[in-house]
Amino acid sequence: MAKRGGFSGGIPGNMNNLMKQAQRMQRQMEEGQKELETKEFSAKAGGGVVEVVVTGKKEIVKVTLSEEAVDPEDIETLQDLIMAAANEALRQAEEANNELMGKMAGGLGGLGGGLPF
């Protein structure tokens, strides 16, 4: 009786290569994520009177305020400057993350154009 399906229970050559490429890409993605998490992104607001530094993990690690930014009569402006600097630093971290993901997604084309079914 002839076997159907074209292979006898093992992984066909193309599928084996596909799995190896996927595993390699996963390792590269993990390495890229670890590298990104160690990077810091900073942004300033108010002409540099407020600076916020975040990590690639999107955690604020430093807030620097110059003396001229601190006006007890105008706390709202200081709050707005801190928020603006923090949001810009977080946007930079997100952009770097999206760039990493885009590079990895671009590498998916090397997997043979998709799944073979």
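Q: What makes the pair Glu-99 and Lys-103 a salt bridge?
A: A salt bridge asks for a side-chain nitrogen of Lys or Arg within 4 Å of a carboxyl oxygen of Asp or Glu. The closest N and O atoms of Glu-99 and Lys-103 are 3.8 Å apart, so the pair meets the rule. A word on the source: this is a predicted model, in which local features need pLDDT of at least 70 and side-chain atom pairs count only at pLDDT 80 or more, while totals for chains, interfaces and linings use all residues. Residues are numbered from 1 along each chain as its sequence is written, and side-chain values use heavy atoms, with hydrogens and water left out.

Q: Where do Glu-99 and Lys-103 lie?
A: Both belong to helix α2, 4 residues apart, which is about one turn of the helix. Helices here are DSSP runs of H or I with at least four residues, strands are runs of E with at least two, and both are numbered from the N terminus.

Q: Why is Lys-103 called exposed, and why is Glu-99 called partly exposed?
A: Buried means under 20% relative accessible area, exposed over 50%, and partly exposed in between, with a 1.4 Å probe and protein chains only. Lys-103 has 56%, so Lys-103 is exposed. Glu-99 has 48%, and is therefore partly exposed.

Q: What makes Glu-88, Arg-91 and Glu-95 a network?
A: They are linked by salt bridges. Arg-91 meets Glu-88 at 2.6 Å, N to O, and Arg-91 also meets Glu-95 at 2.6 Å, N to O. Along helix α2, Glu-88 is 3 residues from Arg-91, about one helical turn; Glu-95 is 4 residues from Arg-91, again about one helical turn.

Q: How do you know that the length of helix α2 agrees with its number of residues?
A: The expected span is 1.5 Å times one less than the number of residues. For the 32 residues of α2 (residues 75-106) that gives 46 Å, and the end C-alpha atoms are 46 Å apart, so the two agree.

Q: Which residues of α2 are buried, and what covers them?
A: Among the buried ones are Leu-78, Leu-81, Ala-93, Asn-97 and Met-104. Their cover includes α1 (13-38), β1 (40-45), β2 (50-55) and β3 (60-65). In the protein, 22% of the 117 residues count as buried.

Notes
Contact means heavy atoms within 4.5 Å.
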